[in-house]
Amino acid sequence: MARIDVLMPQMGESIAEGTLSKWLKKLGDEVKRDEPLFEISTDKVDAEIPAPAAGKLVEIKVQEGQTVPVQTLVAVLETDKNAAVSAPAAAAAPAAPKPEPPKATASAPAPVAPVVTTARPPDRPTAQVGKGGDGGVETAEERLRRKSTPLVRKIAAEHQVDISTIPGTGFAGRVTKNDILGFIERAPLGVTPTPGTRQPAPGGVVHPTVEAWPGDRVEPMSKIRKITADHMIQSRRTSAHVTSFFEVDYSRVAELRAKHKASYAERGANLTYLAFIAKACAEQLRAHAVVNAAVSGDTIIYRRDINIGIAVALEWGLIVPVIKHADELSLMGLTRAINDLGERARTKKLSPDEIQRGTFTITNPGVFGSYAGAPIINQPQVAILGVGTIEKRPKVITLPDRTDTIAVRVMGMISMSYDHRVVDGADADRFLADVKKTLQEFPEGAV
């Protein structure tokens with residue numbers, strides 16, 4: 001029999017640790033190769049991790065809810081020697097090779113499988129990873145807060161600041177560059193912050209507590225819900241939110257969709273209104289660069305790439321996978337990308353790279369019947385488009401003879417929240433007007 005070590009995978013270059021949120025197999029269970037073994041949650045994405053080989057789960061090293069660094073030994077499989085995953089030629093070395101993160105494309109493969117080695121390294125620590133400053137055992141979260149990044153530690157050393165005293169806004173309270181710079185800026189002029197003095201970082205999010213009444217059910221927020229809550233508060237603090245609303249006549253789109261929906265389905269694509277909207281936005285973002293921008297200090301970054309995030313509502317929260325280079329895709333390409341990313345978001349198959357580097361976001365609350373809304377900007381972007389419900393409504397139209405009449409048209413609202421620090425109302429309205437015109441005059445040849 002061969003023993004296969006299953007390690008916590010690295011789900012992207014910036015991911016330092018993962019939380020084992022759920023075991024999908026029990027101790028002693030037989031598992032097939034590539035069968036989901038456990039679920040992990042990181043500050044970027046939730047994912048199911050497949051078994052690297054067929055065999056029996058004989059050891060569980062990390063329990064549900066524990067957060068451990070990448071490459072930590074999570075479990076051990078026992079398998080027939082002939083079925084074992086062969087280690088590389090250098091398997092005698094105790095360290096397993098570091099997997100490369102998946103490429104960020106709409107057709108990216110499933111999340112990276114756990115790293116496997118047949119050369120057993122010493123058991124790595126899980127929730128306890130060293131000594132704390134008080135001589136006790138330091139948890140993984142405390143280690144992350146103290147360790148932070150080399151840049152943050154360098155800034156802390158230059159200003160004689162104890163990182164452990166700064167409320168962090170990163171994963172597990174990890175102190176980010178913005179946290180420490182804000183901490184330093186809040187110190188009185190000419191005074192170096194005293195080590196050990198706690199001051200709230202400007203970017204920190206403190207949620208008020210509320211008394212639970214008898215009979216209430218109290219549940220802790222899931223990781224994705226907590227991240228969403230913090231990001232929404234931080235976005236409102238960061239951007240000067242303004243929202244504009246436009247009504248769109250989708251009758252032309254409805255006609256084209258009805259005409260081509262069957263042919264798209266034959267090629268495995270579900271043609272939706274959202275694909276037409278994404279196509280119109282992708283075309284117009286190139287002409288309205290300020291809407292496809294970001295604010296960095298007192299500078300404006302005009303993004304070269306047009307990467308459109310599509311908000312996907314899940315039973316356990318909200319996630320925004322990103323379609324990279326959306327302006328280079330045809331309507332069919334966008335349709336397939338939206339279908340693919342949405343499905344893999346719901347089945348926890350997204351890689352971290354697929355929810356990063358967005359430049360503009362579309363959210364579609366209209367699928368739930370919402371007439372219109374004022375969405376919150378997805379930082380560090382400067383605009384987000386909201387799509388209201390699309391339905392038949394009475395509409396006053398002008399006939400060729402210039403007389404008016406009431407007709408039944410397919411109508412819907414679009415709204416856009418934008419950052420008024422850099423996007424003026426005129427800029428936003430010109431963009432929305434052009435998106436509206438593109439949808440109402442959508443060319444047959446572009447379908």
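Predicted model: local features only at pLDDT ≥ 70, side-chain atom pairs only at ≥ 80, totals over all residues.
Me: What is the order of the strands in the open sheet of four strands?
Reply: The edge strands, which pair on one side only, are S5 (46-50) and S7 (67-69). Neighbouring strands of this sheet are turned by 40° against each other on average, direction ignored. The pairing is antiparallel, and the order is S5-S4-S2-S7.

Me: Which residue in S4 is the bridge partner of Thr 19?
Reply: Strand S2 (residues 17-23) is paired with strand S4 (residues 36-41) by four bridges in the antiparallel sense. Within this pairing, the S4 partner of Thr 19 is Ser 41.

Me: What is the phi of Asp 34?
Reply: Most residues other than glycine have a negative phi. Asp 34 lies in the loop between strand S3 (30-31) and S4. Although Asp 34 is not a glycine, its phi is positive, at about 70°.

Me: Is Gln 71 buried or exposed, and why?
Reply: Gln 71 is found in the loop between S7 and strand S8 (73-79). Its phi is near 75°, a positive value in a residue other than glycine. The limit for burial is under 20% relative accessible area. With a relative accessible area of 12%, Gln 71 is therefore buried.

Me: How many of the 15 residues of H6 are buried?
Reply: Helix H6 (residues 273-287) reaches 22 Å from its first C-alpha to its last, close to the 21 Å expected at 1.5 Å a residue. Its buried residues include Lys 279 and Gln 284, along with Phe 276 and Leu 285. H6 is mostly covered, and the number of its buried residues is twelve.

Me: Which element gives the most to the lining of the second largest pocket?
Reply: This pocket has a volume of about 600 Å³, and among its 28 lining residues the closest to the centre are Leu 274, Ile 310, Ala 311, Asn 364 and Val 367. The lining divides into 16 nonpolar, nine polar and three charged residues. At least two residues each come from H6, strand S16 (312-314) and helix H7 (331-346). With six residues, the element that gives the most is H7.

Me: Which residues of strand S19 point the other way from Phe 360 and Ile 362?
Reply: In a regular strand the side chains alternate between the two faces of the sheet. In S19 (residues 360-363), Phe 360 and Ile 362 point one way, and all four residues are buried. Those pointing the other way are Thr 361 and Thr 363.

Me: Which residue in S20 is the bridge partner of Thr 361?
Reply: S19 runs parallel to strand S15 (residues 308-310), to which three bridges join it, and Gly 309 stands opposite Thr 361. S19 also pairs with strand S20 (residues 383-387) in the parallel sense over three bridges. In S20, the partner of Thr 361 is Ile 384.

Me: What is the omega of the cis peptide bond that joins Gln 379 and Pro 380?
Reply: Most peptide bonds are trans. Pro 380 is found in the loop between S19 and S20. The bond joining Gln 379 to Pro 380 is cis, with an omega of about 5°.

Technical notes: Residues numbered from 1 in each chain as written. Heavy atoms only, no water. Expected span 1.5 Å × (residues − 1). Buried < 20%, exposed > 50% of the residue type's maximum accessible area, 1.4 Å probe, protein only. Pairing = 2+ DSSP bridges. Axes fitted to C-alpha atoms, helices over the stretch in contact; angles between N-to-C directions. 1 Å grid on protein atoms, 1.4 Å probe; cavity = no way out; pocket = protein on both sides within 12 Å on 5 of 7 lines; lining within 4 Å. Points joined across faces, edges and corners; volume = space filled by probe spheres on them. Nonpolar A, V, L, I, M, F, W, Y, C, P; charged D, E, K, R; others polar.
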